[in-house]
Amino acid sequence: MNGSRYVPGNTIELRGTFTDAGGPADPSEANLIVRYPDGTRVTYVIGDDPEVVQVAVGIFEVEILADLVGTYWYRWEGSTTKKSADEKYFVVIPSAVLVGA
């Protein structure tokens, strides 16, 4: 999803994958930080926030509603036997159909 483009109103799946020794591994601690186009930051913590869903060993997802036009940045970070982090972004462009709606 790095650099993907959407129009407002889409639900976007933000997926994080954690590995150790070349294979998938569940982190001992991890979180997702989302920075919205308006500058708001929201942190989701694995094991604390119900929005974080484990879909397989070492793979987690959070769904967010992308209703603001602009760039959304997100960062998964966590620890297995070592710390890791990954940042990606996607862009919400104005609707060509709903202009002025």
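**Close-up 1. The hairpin of β7 and β8.** In the hairpin that joins β7 and β8, two residues lie between the strands, and Gly58 adopts a positive phi near 75 degrees. Strands here are DSSP runs of E with at least two residues, numbered from the N terminus. This is a predicted model, in which local features need pLDDT of at least 70 and side-chain atom pairs count only at pLDDT 80 or more, while totals for chains, interfaces and linings use all residues. Residues are numbered from 1 along each chain as its sequence is written, and side-chain values use heavy atoms, with hydrogens and water left out. Strand β7 (residues 53–56) pairs with β8 in the antiparallel sense over three bridges; two strands pair if DSSP finds at least two bridges between them. Val53 stands opposite Glu61 in β8.

**Close-up 2. The open sheet of three strands.** The order in this sheet is β2-β8-β7, and the pairing is antiparallel. Strands β2 and β7 form the edges, each pairing on one side only. On average, neighbouring strands of the sheet are turned by 35 degrees against each other, direction ignored; the axes are lines fitted to C-alpha atoms, for helices over the stretch in contact, and angles run from 0 to 180 degrees between N-to-C directions. Strand β2 (residues 10–17) pairs with β8 over eight bridges, in the antiparallel sense. Within β8, Glu61 is the bridge partner of Arg15. Strand β8 (residues 59–66) is largely enclosed by the rest of the structure, because six of its eight residues are buried. Buried means under 20% relative accessible area, exposed over 50% and partly exposed in between (1.4 Å probe, protein chains only).

**Close-up 3. Aromatic pairs.** Rings of Phe, Tyr and Trp (its six-membered ring) pair if their centres lie within 6.5 Å; planes under 30 degrees apart count as stacked, over 60 as edge-to-face and the rest as tilted. By this rule there are seven aromatic pairs. One of them joins Phe18 and Trp76 edge-to-face, at 6.3 Å centre to centre with 85 degrees between the planes. This pair links distant parts of the chain, 58 residues apart: Phe18 is in the loop between β2 and β3 (19–20), and Trp76 is in strand β9 (residues 70–79). Both Phe18 and Trp76 are buried. Trp73 and Tyr89 form a tilted pair, 4.9 Å centre to centre and 40 degrees between the planes. Since Trp73 belongs to strand β9 and Tyr89 to strand β10 (residues 83–92), the pair ties together parts 16 residues apart in sequence. Trp73 is partly exposed at 33% relative accessibility, and Tyr89 is partly exposed with a relative accessible area of 29%. One aromatic cluster is formed by Tyr6, Tyr36, Tyr72, Tyr74 and Phe90.

**Close-up 4. The largest pocket.** The largest pocket has a volume of about 180 Å³. A pocket is an open set of points on a 1 Å grid over the protein atoms alone where a 1.4 Å probe fits, with protein on both sides within 12 Å along at least five of seven lines; lining residues have an atom within 4 Å of a point. The lining holds 11 residues, and Arg15, Gly16, Thr17, Trp76 and Asp86 lie nearest the centre of the pocket. Strands β2, β9 and β10 each give two or more residues to this lining. The largest share, four residues, comes from β10.

How values were computed: Points joined across faces, edges and corners; volume = space filled by probe spheres on them.
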